[in-house]
Amino acid sequence: MAKLRTRYVCQECGSTQPKWMGRCPDCGEWNTLVETLVEATSSGAVVQRSAQAVIGRSVPQPLTEIAADNYRRTMLPMDEFNRVLGGGLVPGSLILIGGDPGIGKSTLLLQISAALAAEGHVLYISGEESAQQVKLRADRLQISSDRLFILSETNMTAIMDHLRQTPPQFLVVDSIQTVFLEELQSAPGSVSQVRECAGRFQGLAKGQNIPVFLIGHVTKTGTIAGPRVLEHLVDTVLYLEGERFHAYRLLRSVKNRFGATNEIGIFEMGDVGLSEVPNPSEIFLAERLPNASGSAIAVTLEGTRPLLVEIQALASTTSFGNPRRTANGIDMNRLLLLIAVLTKRVGVRLADQDVFVNVIGGLQINEPASDLAVAAALASSFKSRPVAADLAIVGEVGLSGELRAVSHIETRLKEAAKLGFKRCLLPASVQLKQSQFLSLELLKVRSLGEALDIALV
Ligand code: TYD
Ligand code: MG
């Protein structure tokens, strides 16, 4: 029988040490040794397998003869969640749900567990809260099911025993940082513990074909292993994002073996937990003041879904030497670039201005297609001239002030038309297959200067 041993493996050069050291003696890097489980045979010798023994274990198959296993996905009564999973829950998939503490991971997973209990036996392992605490939360969420089982346990051996005795059809582990293997000396939450425990759950998911959800906290310091170390191991990585003091929560897929990445689901945290937001654009635009300066509407794409969001900007003369730049919801470097292009190419002189940019709804926009809307909002605030209220804006801004084409333009235009926008500003270079969007007037422009002339009233 193979014995479990631990070794310390340098994460930089891969050398193995019997003891922990602060500095790797081979490559000289500090703090790179991580405790790792190794399996050794009782004699300690490497087992030599003959070629004969290897052949016959696995056989190469022609691609054309492999039966395509059409996953029978479980559809949850939550469309936003199904969407993020790529169209329902795949049997045997290992799903990691990461997010800051307090963002609502336990709440979401308890709601999902209750929904899954309609399909079969669900086991919710809570390492962070006692069964009573989970019960209190369930009462608050008005959840009750006799097929939903709560286990408050952190020891992997005990967990595995339970799983062997009564295998569930769905498993939730809250959180992967609290469970531990006794064989490892390092504390729960360390890289090796998290990786090894997740490996066991992966074996279970694949071996028994049950979907397993792992909850993981994102941590900024390296001391506790965050979900990052697990990303390669799991099938799907979802992040629950949002600001604590805002009600909206975004569930974003950053990796998905069974669907598109960057797909988002939008939820609202309320008194009875998270509820779906099926029409997010309407909500993001609800509080907009139509003729205020410094506001523009961008048509962004999150995964496959177009979203209209309001971008607000404020430029005000700085009273200190160094002007401040604050970016909320867009990348800071992108903002600095747009400020430079506005100053240099179109004479919107922001060098002595404090600049604040905010994306409404707590959304984080990562695609450059919203550049033009950010630039328009900035110019609008600087010149105290509002952006036309019926105008939606799409386009990437280049360093020469030229506008560049963006992807999936038709999807974006449809959403803008659906929400009642009359005109859309877009780069002249976009290729439109469908030449007309009946209710939407398309204003094609080549440069940032031209765009601002049209946008500002
Ligand atoms: P929680 O799911 O415990 O977060 P996590 O597991 O990610 O650490 O939820 C945290 C917050 O959600 C908490 O501050 C209270 C709030 N909340 C509500 O607003 N409504 C509710 O119905 C519930 C259960 C929680
Ligand atoms: Mg929690």
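Guide: Helices (H or I, at least four residues) and strands (E, at least two) are DSSP runs, numbered from the N terminus. This is a predicted model, where local features need pLDDT of at least 70, side-chain atom pairs count only at pLDDT 80 or more, and totals for chains, interfaces and linings use all residues. Residues are numbered from 1 along each chain as its sequence is written, and side-chain values use heavy atoms, with hydrogens and water left out.

Visitor: What makes β13 and β14 a pair?

Guide: Two strands pair if DSSP finds at least two bridges between them. β13 (residues 295-302) and β14 (residues 305-317) have 8 bridges and are antiparallel, so they pair. In this pairing, T300 lies opposite L307 of β14. The two strands form a hairpin with 2 residues between them, and G303 in the turn has a positive phi of about 70°.

Visitor: Which strand is joined to β14 by 7 bridges?

Guide: That is β16 (residues 353-359), which runs antiparallel to β14. Q312 faces N358 in β16.

Visitor: Why is C24 called buried?

Guide: Buried means under 20% relative accessible area, exposed over 50%, and partly exposed in between (1.4 Å probe, protein chains only). C24 has 2% relative accessibility, so it counts as buried. C424, at 0%, is buried too.

Definitions and conventions
Chains are lettered from A and ligands numbered from 1 in the order in which they are written.
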